[in-house]
Amino acid sequence: MKKTQSESAGISGLNAANWQHVERRQWWLSSSGIAVSLILTLGIVTLLLPAILPDAKQFSYVDTSSATRGLLALIFVFDVYVIFQQVQIYRFRKQLAVREELFRLISENAVDMIALVDVDGTRLYNSPSYQRILGYSAEELRGISPIDQIHPDDRQKVIDAAKEAQTSGRGRRLEYRIRHRDGRWFTLESTASAVRNREGAVEKLVIVNRDITERKHLEEQLHLSQRLEAVGRLSGGVAHDFNNLLGVIIGYGEALQERIPRDDPNREAIDEIQKAGQRAAVLARQLLAVSRKQVLEPRILSLNSIALDVEKVLRRTIGADIQLEFNLASHLGMVRADRGQIEQVIMNLAINARDAMPNGGLLMIETEPAELDYADSLIKPYVVPGRYILLKVTDTGCGMDSDTQSRIFEPFFTTKEKGKGTGLGLAMAYGIVKQSGGYIWVDSEPGHGTTFKIFLPEVEGTPEDVQESAPAFQIGQSRGVILLVEDESSLRKLTKRTLIKSGHTVLEASNADQALYFAKQADTRIDVLLTDVIMPGMNGRLLAEAVSSLRPGIPVIYMSGYDDGELSTKGVLKPGMSILRKPFSRDQLVQAVEDVLTAVTEGKAPSEVAQ
Ligand SMILES: Nc1ncnc2c1ncn2[C@@H]1O[C@H](COP(=O)(O)OP(=O)(O)OP(=O)(O)O)[C@@H](O)[C@H]1O
Ligand SMILES: [Mg+2]
């Protein structure tokens, strides 16, 4: 017959020695009771015998009064013994009750799940924490085989470990996944110890299971962020040097394109070089985003306006098979973010969604205010509680299993066939969102679509003017004297050439000292300082400060795509700076200088200059 849970619970609260003690006392009490009753019966019979059997003369010598006293004494001694035993048993029961209570307290309040199973794996006892952690009631647990709840991939190792514990008597530490009542998978760390019978054979296993789901999750996140950090450092460094080289390739390519007519046999080659240069520039920019080292140009804006801005491009990109829906909150707070970068993130998510729905489906873009509170920070310790704006991108595509989900933000992780994806899309999105002080989370199940959630901190303020793209400029509208500082000589030469061709005068410096020499000449006119940021010796930011102290109010344009913390500590551009991201095209360079000169003519501060 199977033992009930409460019986098993009571039994496991006592040890064998204690039970033997109780049993011995009860035996003593019962046997002495029987012995005393026998003696009493014998005594009474002896006393009554002469009256019952008048012939039994031989018993008449018995002194009735002494016999009665003896019997009374015996009864008295027996009563004392009974009282003594009852007191002992009462004490023992009390001890048992205390132990029982202790066991109940431990098992009910233990964070770990404690189970007792017999050698066949039948459950004998499950602590209440099973219900708390995995959601199953005691009745439900009795109806499910323990092995059925375990993840199919982990079943064999659990069976092997149980067998090992039965044979060796010692269980090893084991990690496996178990299904919560609501279908989620939890990771448990378990240790089994064998309970042996008197013959020394293993008859039960005590299994202590610890829920390590959160720990595993944090470990994975730590590994991921370490990997991302390492890849980021590497790619950031490479991208920085790469940008200078690409600047030269693209710049001279443009110059050649201008000179070589379209029907020239060499023109195709130069066009291809130019295209490859542009593709490489996109890649370098993605690497910088992954490394979280790119310079952001944050403005106060509404995510709704970005979502609506990308709508047209999105519709064109995702194709007619996919239905695109927007569900934007009407009263939405502002965020501080780089418009172009957030657009990039949305585009990347939408393209992924399109690829996940080859036979069509629904792509939904939603915005809503959100609050991340203390409870969220307990689940994800890196979360800073507060008000956020949530951007959700949901698709009804193929979804992802948990293994894929754990890797999607890694640079170069892709499940797409060669040539279809670089695996940088989500790594970039992750970098941009992180650099903007937000979070990006994924929710997905194979066959049930995917939702990406982006939380950006809500900020006070009104949206800053959306910068209209500047009207096509005419070279040479305003001419100025540019102090150009760039240590990379071919890029400097190219930049100088472009500026001169645009009608500007260029003072050329390969380092900060040379630049300061020009700045110190009071009679030398300088309209704009155009400087690289990362240079040997004094860097661009310090140079700008030094030049500004000599020539207060001088507009500064930094040429950089890479921020190693010099321009700001969080990769966010400080007000008052303008930035020309490397690698830049000839048009971008001329436009940036033109914008600054126009702003100065109109009396605007350099920070208001559009990029
Ligand atoms: N919405 C989605 N549904 C299903 N799987 C997705 C989704 N988004 C991303 N993935 C998975 O994540 C992987 C990584 O995505 P990521 O955007 O980083 O790279 P990619 O799309 O493969 O390449 P790239 O974006 O560089 O062209 C994808 O290969 C795909 O397996
Ligand atoms: Mg992608």
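Trainee: How do β3 and β4 pair, parallel or antiparallel?
Mentor: β3 and β4 (residues 185-196) pair in the antiparallel sense over 6 bridges; strands pair if DSSP finds at least two bridges between them. This is a predicted model, where local features need pLDDT of at least 70, side-chain atom pairs count only at pLDDT 80 or more, and totals for chains, interfaces and linings use all residues. Residues are numbered from 1 along each chain as its sequence is written, while chains are lettered from A and ligands numbered from 1 in the order in which they are written.

Trainee: And what stands opposite Glu-175?
Mentor: That is Glu-189 in β4.

Trainee: What's the strand order in the sheet?
Mentor: It is an open sheet of 5 strands, ordered β2-β1-β5-β4-β3, with antiparallel pairing. β2 (123-126) and β3 (174-179) are at the edges with a single partner strand each, so one side of each has no neighbour in the sheet. Strands here are DSSP runs (E, at least two residues), and helices are runs of H or I of at least four, numbered from the N terminus.

Trainee: Switching to helices, how far apart are the end C-alpha atoms of α11?
Mentor: They are 26 Å apart, which agrees with the 26 Å that the 18 residues of α11 (residues 339-356) should span at 1.5 Å a residue. The expected span is 1.5 Å times one less than the number of residues.

Trainee: Which of its residues are buried?
Mentor: Among them are Ile-342, Val-345, Leu-349 and Arg-354 of α11; buried means 20 or more other C-beta atoms within 10 Å of a residue's own, with C-beta atoms placed from the backbone.

Technical notes. Buried ≥ 20, exposed ≤ 12 C-beta atoms within 10 Å, placed from the backbone.
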